[in-house]
Amino acid sequence: MGLEKDLPPGEKLLAGLRPFIAHLASSSLSPKTIRQHVDNLGMLGGEIIRDLNYTPALRKVAAQRLLRDALHADGGPLIHNGSEEEQRSLDSTCRKLHRFLSQPQR
């Protein structure tokens, strides 16, 4: 558990991720793969919250913008204290999320 002040931005990030999670749930991916993507989304959220704590001015930025700024076509943010395998897994999820958010109907 983080700090109390991290709950509101965390809830806003989660609200922005719910459509993607629903998309994953309705896909043909295995339950294990879906769980891995959801775990990676938690790691992504943790890295965004970490950034908020290091750069307090980011707390004024909308959660959707923070999320989009953390994603790239080639992956996500570097994770702190993570292995190469964890980073590759996170990057895979971030690429998938980036494509999802880049679709015209999103």
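In which helix is glutamine 87 found? Glutamine 87 is found in helix α4, where helices are DSSP runs of H or I with at least four residues, numbered from the N terminus. The model described here is a predicted one, in which local features need pLDDT of at least 70 and side-chain atom pairs count only at pLDDT 80 or more, while totals for chains, interfaces and linings use all residues. Residues are numbered from 1 along each chain as its sequence is written, and side-chain values use heavy atoms, with hydrogens and water left out.

**Helix α2**

Helix α2 covers residues 31-54, and at 1.5 Å a residue its 24 residues should span 34 Å, which agrees with the 35 Å between its end C-alpha atoms; the expected span is 1.5 Å times one less than the number of residues. The buried residues of α2 are Ile34, His37, Asn40, Leu41, Leu44, Gly45, Glu47, Ile48, Ile49 and Leu52, where buried means under 20% relative accessible area, exposed over 50%, and partly exposed in between, with a 1.4 Å probe and protein chains only. Among the elements that cover these buried residues are α1 (7-25), α3 (63-70) and α4 (84-102).

**The nonpolar core**

The largest nonpolar core has 21 residues, and those with the most contacts inside it are Leu44, Ile48, Leu67, Leu71 and Leu97; such a core is a set of buried Ala, Val, Leu, Ile, Met, Phe, Trp, Tyr and Cys residues joined through side-chain atoms within 4.5 Å. Two or more residues of this core come from each of α1, α2, α3 and α4, and α2 gives the most, with six residues. In soluble globular proteins, nonpolar side chains tend to be buried together.

Leucine 67, placed in helix α3, is buried with a relative accessible area of 1%. Not counting residues up to four places away in sequence, leucine 67 touches Leu13, Leu17, Leu44, Ile48, Leu97 and Leu101, a contact being heavy atoms within 4.5 Å. With the same exclusion of residues up to four places away in sequence, leucine 71 touches Leu44, Cys94, Leu97, His98 and Leu101.

| Pair | Apart in sequence | C-alpha to C-alpha |
|---|---|---|
| Leucine 67 and leucine 44 | 23 residues | 8.6 Å |
| Glutamate 84 and leucine 58 | 26 residues | 27 Å |

Glutamate 84 is found in helix α4 and counts as exposed at 63% relative accessibility, whereas glutamine 87 counts as buried at 13%. Glutamine 87 touches Gly76, Pro77, Leu78 and Ile79, again leaving aside residues up to four places away in sequence.

Asparagine 81 lies in the loop between α3 and α4 and is exposed, with a relative accessible area of 82%. Its phi is near 60°, a positive value in a residue other than glycine. Most residues other than glycine have a negative phi.

**The largest pocket**

About 200 Å³ of space lies in the largest pocket. Its lining consists of Gly10, Glu11, Leu13, Leu14, Leu17, Ile21, Val38, Leu41, Gly42, Gly45, Gly46 and Ile49. A pocket is an open set of points on a 1 Å grid over the protein atoms alone, where a 1.4 Å probe fits, with protein on both sides within 12 Å along at least five of seven lines, and lining residues have an atom within 4 Å of a point. Helices α1 and α2 each supply at least two residues of this lining.

Methods. Points joined across faces, edges and corners; volume = space filled by probe spheres on them.
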